Amino acid sequence: MSEYDHEPVRGLPGELPEGEHMLWQGAPDWKSMALSALHIRLAFVYFIVIIGTALFRGDSGTAIAVTGLGTVAIGTFVLFAWGVARTTVYSLTNKRLVLRIGVALNKCINLPLSELESANLKQLSDGTGNIVLTLKGVPRLGYLMLWPHARSLRFVRPQPMLRAIPEAQKVSALLYKATQEVQAIAPLEEARQTRNGDIALEGLAA
C-alpha cells in the first residue's frame, strides 16, 4: 500500500463535484527538474572548480574529499528530483488547478481558476516548460510550503509553478481556455514574449 492509495481520484483529495471534470493531469520530468530547479550543472561546475584548484596546488587529499562530498551532494539532488517527480501530480479541471506535492508529507493545494491573475510559460531547452502562476490579492501560500513548485526567490509573494512539465505549450493553452470559461479575460491573440524570456498568455497576464 502506498501513501496515495486513499485518494478517491489520483492527485485529488476527494471526488470531483458535479459539474467539474478533469482536463489534464501531469507531473514534472525528473531530469528537467534536477537541471532547472536544483541547478545540478551549477553544482557540478562548483565542485569541479574546487577539485581542479586543489589538484593544481598539489592537495590531493582535499581533492579526494571534495570529490566524495560532491558525489554525495549531486546524488542527493538527483534522488530528490526523482522523488519530487514520482510524488507530484498536477491536475487541471474546468474549475481549478490542484497541486498534489510533497515528498515526505504530501499535501494538495487548490488554486481556483477564478483567482488566477496571470500565467506565464517559460519553455526549457529540453522541450519541457514551466508555467508560473500569479494569484489575485495576497496569496496565503508559503514559499517553503510550495518549493520547488514555486518561482525562485519570490518570498514575499510566492508564485506557484507547474515545473518541468512535458508538452507545456499544450497545457498552457488548456489552462487559458479553462480560465476563459470562469472569468472575463481578453481574447487570446498571440503569446507575448516578456523581458525575462517567459511567454505570457495574452489576456490572462496583468
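This is a predicted model: local features need pLDDT of at least 70, side-chain atom pairs count only at pLDDT 80 or more; totals for chains, interfaces and linings use all residues.
A residue is called buried when its relative accessible area is under 20%, exposed when that value is over 50%, and partly exposed in between. By that rule glutamate 117, with a relative accessible area of 28%, is partly exposed.

**Salt bridges**

- Side chains of opposite charge can pair when their charged atoms come close.
- A search of the whole structure finds 2 salt bridges.
- In one of them, glutamate 20 pairs with arginine 96, and the closest N and O atoms are 2.6 Å apart. Because glutamate 20 sits in the segment before β1 while arginine 96 belongs to strand β3, this pair ties together parts that are 76 residues apart in sequence.
- Both glutamate 20 and arginine 96 are buried.
- Arginine 157 and glutamate 117 also meet through their side chains in a salt bridge, with 4.0 Å from N to O. Arginine 157 lies in the loop between α4 and β7 and glutamate 117 in strand β5, so this pair joins parts that are 40 residues apart in sequence.
- Arginine 157 counts as partly exposed, at 36% relative accessibility.

**Aromatic pairs**

- The whole structure contains 3 aromatic pairs according to the search, including an edge-to-face pair of tyrosine 46 and phenylalanine 47, whose ring centres are 5.3 Å apart and whose planes make an angle of 75°.
- Tyrosine 46 counts as exposed because its relative accessibility is 51%, whereas phenylalanine 47 is buried, with a relative accessible area of 13%.
- Another pair, formed by phenylalanine 80 and tryptophan 147, is stacked, with 5.7 Å from centre to centre and 10° between the planes. This pair links distant parts of the chain, since phenylalanine 80 is in helix α3 (residues 60–87) and tryptophan 147 is in the loop between α4 (143–146) and β7 (161–165), 67 residues apart.
- Phenylalanine 80 is partly exposed at 29% relative accessibility, and tryptophan 147 is partly exposed with a relative accessible area of 35%.

**Helix α5**

- Helix α5 (residues 168–182) has 15 residues, which at 1.5 Å a residue should span 21 Å, and this agrees with the 21 Å between its end C-alpha atoms.
- An α-helix has 3.6 residues a turn, so residues three or four places apart point the same way.
- The buried residues of α5 are Ala168, Val171, Ser172, Leu175, Tyr176, Ala178 and Thr179.
- The cover over these buried residues of α5 includes the strands β1 (22–26), β2 (89–93), β3 (96–101), β5 (116–123), β6 (129–135) and β7.

Methods:
Residues are numbered from 1 along each chain as its sequence is written. Side-chain values use heavy atoms; hydrogens and water are left out. Rings of Phe, Tyr and Trp (its six-membered ring) pair if their centres lie within 6.5 Å; planes under 30 degrees apart count as stacked, over 60 as edge-to-face and the rest as tilted. Buried means under 20% relative accessible area, exposed over 50%, partly exposed in between (1.4 Å probe, protein chains only). Helices (H or I, at least four residues) and strands (E, at least two) are DSSP runs, numbered from the N terminus. The expected span of a helix is 1.5 Å times one less than its number of residues. Contact means heavy atoms within 4.5 Å.
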